[in-house]
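Me: I would like to go through some labels used for this structure and see what each one rests on. Please set each value against its cut-off.

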Amino acid sequence: MAFVRDHGTCCIFLPLKLGVSLVAMLVFMDSIVCLLATFTGDIRFQPNGYSESLYHVPSILGILGVVLGFTGLLGIYDDKPGWLQWLVYFLFLKIIALGTSSLADFFTLRKCDSWLTSAERSVQENLQLTKLAEAGVCPWARLAYALGAAVVLLFWTYCTYFTWVYWQQLECNPAYPIDFGAGVDRRWDQFHVKDPRLSEHEEGQPLLPQHLMHEEEAQYGTQKSKHSEHYGPDGQEMADLEG
């Protein structure tokens, strides 16, 4: 459906419907990156990767965006809140997964300074943490990761909020409201006119009142019209015929 109704704006100047459509397309493209991250195991394709326990969680969840991003875009175009609803739920889950994995990564990065001499390294090797410790950039890595994770979380939270706002607008104000006639009486009041339809007890009654109806029946054929003396059957005046 075209951009007919005014739903407000997002990103300062974009129409809300267009902005939410861009979010749905972004979810679809992000799911392609998540597919690459899952099947290649390359940390460069994912926002996390220092905590081994939650290493694949955001990427596996992001794969669902292939379907939900596409169906959400169709729901936005056709103003179908049921289709958009699943995209909203997916975005909430995405934020939870990103927040949880980011916290786990940051706590793992706190071990970076003593990682090379720690006993935990001999039990479970963490290649990413080892590379940072050997390069001696642990403080900078923590700062950069904290800033990057905060930006990513804020961005997806922003997208989720406006997607949720648009979904709520569709739920409360459908694109095609159906009127079953419940407001007909209010329309007559709005235009200050009387309902032309007869009530049920008036349906079987004649349009002419009973007393006038009886008078007409009694006088029918007994009285001559006051013009009957002046005009003939052909409509000409009697004076003309007599002359």
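Me: What makes the contact of Arg-44 with Asp-42 a salt bridge?
Reply: In this predicted model, the closest N and O atoms of Arg-44 and Asp-42 are 2.6 Å apart. The rule asks for a side-chain nitrogen of Lys or Arg within 4 Å of a carboxyl oxygen of Asp or Glu, so the pair of Arg-44 and Asp-42 counts as a salt bridge.

Me: Why can such side chains pair at all?
Reply: Opposite charges can pair when the charged atoms come close.

Me: Is Arg-44 called buried or exposed, and why?
Reply: Arg-44 has 72% relative accessibility. Exposed means over 50%, so Arg-44 is exposed.

Me: And what about Asp-42, buried or exposed?
Reply: The relative accessible area of Asp-42 is 18%. Buried means under 20%, therefore Asp-42 is buried.

Me: How do you know that Asp-30 and Lys-94 meet in a salt bridge?
Reply: The N to O distance between the side chains of Asp-30 and Lys-94 is 2.8 Å. The limit is 4 Å, so this pair passes. Asp-30 belongs to helix H1 and Lys-94 to helix H4, and the two are 64 residues apart, so the pair links distant parts of the chain.

Me: Why is Lys-94 called buried?
Reply: Lys-94 has a relative accessible area of 8%, and buried means under 20%. Asp-30, at 22%, counts as partly exposed, because that label covers values between 20% and 50%.

Me: What makes Arg-121 and Glu-125 a salt bridge?
Reply: Their side chains meet at 3.6 Å, N to O, and the cut-off is 4 Å. Arg-121, at 26%, is partly exposed, and so is Glu-125, at 41%.

Me: How many salt bridges does this rule give?
Reply: The count comes to 6.

Me: Which residues make the nonpolar surface patch?
Reply: Among them are Leu-18, Phe-28, Phe-70, Leu-74 and Trp-83, and the patch covers about 780 Å². Helix H1 and helix H3 each give two or more residues, with H1 giving the most, 6 residues.

Definitions and conventions. Residues numbered from 1 in each chain as written. Predicted model: local features only at pLDDT ≥ 70, side-chain atom pairs only at ≥ 80, totals over all residues. Heavy atoms only, no water. Patch = residues over 30% accessible without salt bridge, like charges linked within 9 Å, V, L, I, M, F, W, Y side chains within 5 Å. Areas by Shrake-Rupley, 256 points an atom, 1.4 Å probe, with all protein chains shown as cover. Helix = DSSP H or I, 4+ residues; strand = E, 2+ residues; numbered from the N terminus. Buried < 20%, exposed > 50% of the residue type's maximum accessible area, 1.4 Å probe, protein only.
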